[in-house]
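I opened this one with my notebook beside me. Here is what I looked up, entry by entry.

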Amino acid sequence: RRRKMKRTAPRSTLRKIIKKHKPQLRLAANTDLLCESFLFFLLKVHLNFLLFLHRLAEEARTNAFENKSKIIKPEHAVAAAKVIM
């Protein structure tokens with residue numbers, strides 16, 4: 001007897017999220033494992049992007065403070081990007 005894998009989210013929700021990000025994919029009815037793996041991948045990428053933006057903003061704020069500027073200007077963000085990357 002095969003045991004069913006417990007889903008972390010409703011199937012319809014997973015399918016909607018995948019269709020939103022990858023509309024060209026055609027999903028079969030039994031793609032639960034694939035859906036959950038793909039969703040986990042998307043969330044991981046999104047989290048990494050948010051962490052990058054947060055670090056970039058903090059570095060740009062530090063650059064602005066060092067230049068005695070109350071406003072973060074594009075040159076502060078560019079300098080921060082060069083440090084981070």
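**Surface and ground rules**

I started with the surface: the chain exposes about 7,600 Å², and carbon and sulfur atoms supply 61% of that area. Accessible areas here come from the Shrake-Rupley method with a 1.4 Å probe, and for residues only the protein chains shown count as cover.

I noted that this is a predicted model, where local features need pLDDT of at least 70, side-chain atom pairs count only at pLDDT 80 or more, and totals for chains, interfaces and linings use all residues. Residues are numbered from 1 along each chain as its sequence is written, and side-chain values use heavy atoms, with hydrogens and water left out.

**Confidence**

I checked pLDDT next, which is the predictor's confidence in each residue, from 0 to 100. The chain has a mean of 79, and 75% of its residues reach 70 or more. Among the elements, helix α1 (residues 11-21) has the lowest mean pLDDT, 74, while α3 has the highest, 92. A reminder to myself: where pLDDT is low, the predicted coordinates should not be read in detail.

**Layout**

I counted 3 helices and 0 strands, and from the N terminus the order reads α-α-α. Helices (H or I, at least four residues) and strands (E, at least two) are DSSP runs, numbered from the N terminus.

How much of the chain is buried? I found that buried residues make up 21% of the 85 residues. Buried means under 20% relative accessible area, exposed means over 50%, and partly exposed is in between (1.4 Å probe, protein chains only).

I also looked at contacts, meaning heavy atoms within 4.5 Å. Of the contacts in the chain with a separation of 6 or more, 32% are between residues 24 or more positions apart.

**Helix α3**

Which residues of α3 are buried? In this helix (residues 74-84), I found His 76, Ala 80 and Ile 84 buried. Seen down the axis of α3, its buried residues fall within an arc of 70°, so they line one face of the helix. The arc is that of the directions from the helix axis to the C-beta atoms. On the face turned away from that buried side I found the exposed residues Pro 74 and Lys 82.

Glu 75, another α3 residue, counts as partly exposed because its relative accessibility is 48%.

I then moved to Asn 63 in helix α2. Is Asn 63 buried or exposed? Asn 63 counts as buried, because its relative accessibility is 12%. Leaving aside neighbours within four places in sequence, Asn 63 is in contact with His 76, Ala 79 and Ala 80. Glu 75 and Asn 63 are 12 residues apart in sequence, and their C-alpha atoms are 9.1 Å apart in space.

**The loop between α2 and α3**

Lys 68 lies in this loop. I noticed its positive phi of about 55°, although Lys 68 is not a glycine. Most residues other than glycine have a negative phi. Lys 68 is exposed, at 77% relative accessible area.

Ser 69 sits in the loop as well, but counts as buried at 18% relative accessibility. Leaving aside neighbours within four places in sequence, Ser 69 is in contact with Ala 64 and His 76.

**A salt bridge and a patch**

How many salt bridges does the structure hold? I found 1. A salt bridge is a side-chain nitrogen of Lys or Arg within 4 Å of a carboxyl oxygen of Asp or Glu. The partners are Glu 58 and Arg 61, at 3.1 Å from N to O. Both lie in helix α2 (residues 32-66), 3 residues apart, about one turn of the helix. Glu 58 is partly exposed at 32%, and Arg 61 is partly exposed at 49%. Side chains of opposite charge can pair when their charged atoms come close.

My last entry is a nonpolar surface patch of about 260 Å², made by Phe 49, Leu 50 and Leu 53. Patches are made of residues with over 30% relative accessible area and no salt bridge: like charges are joined within 9 Å, nonpolar side chains (Val, Leu, Ile, Met, Phe, Trp, Tyr) within 5 Å. Phe 49 lies in helix α2 and counts as partly exposed, at 46% relative accessibility.
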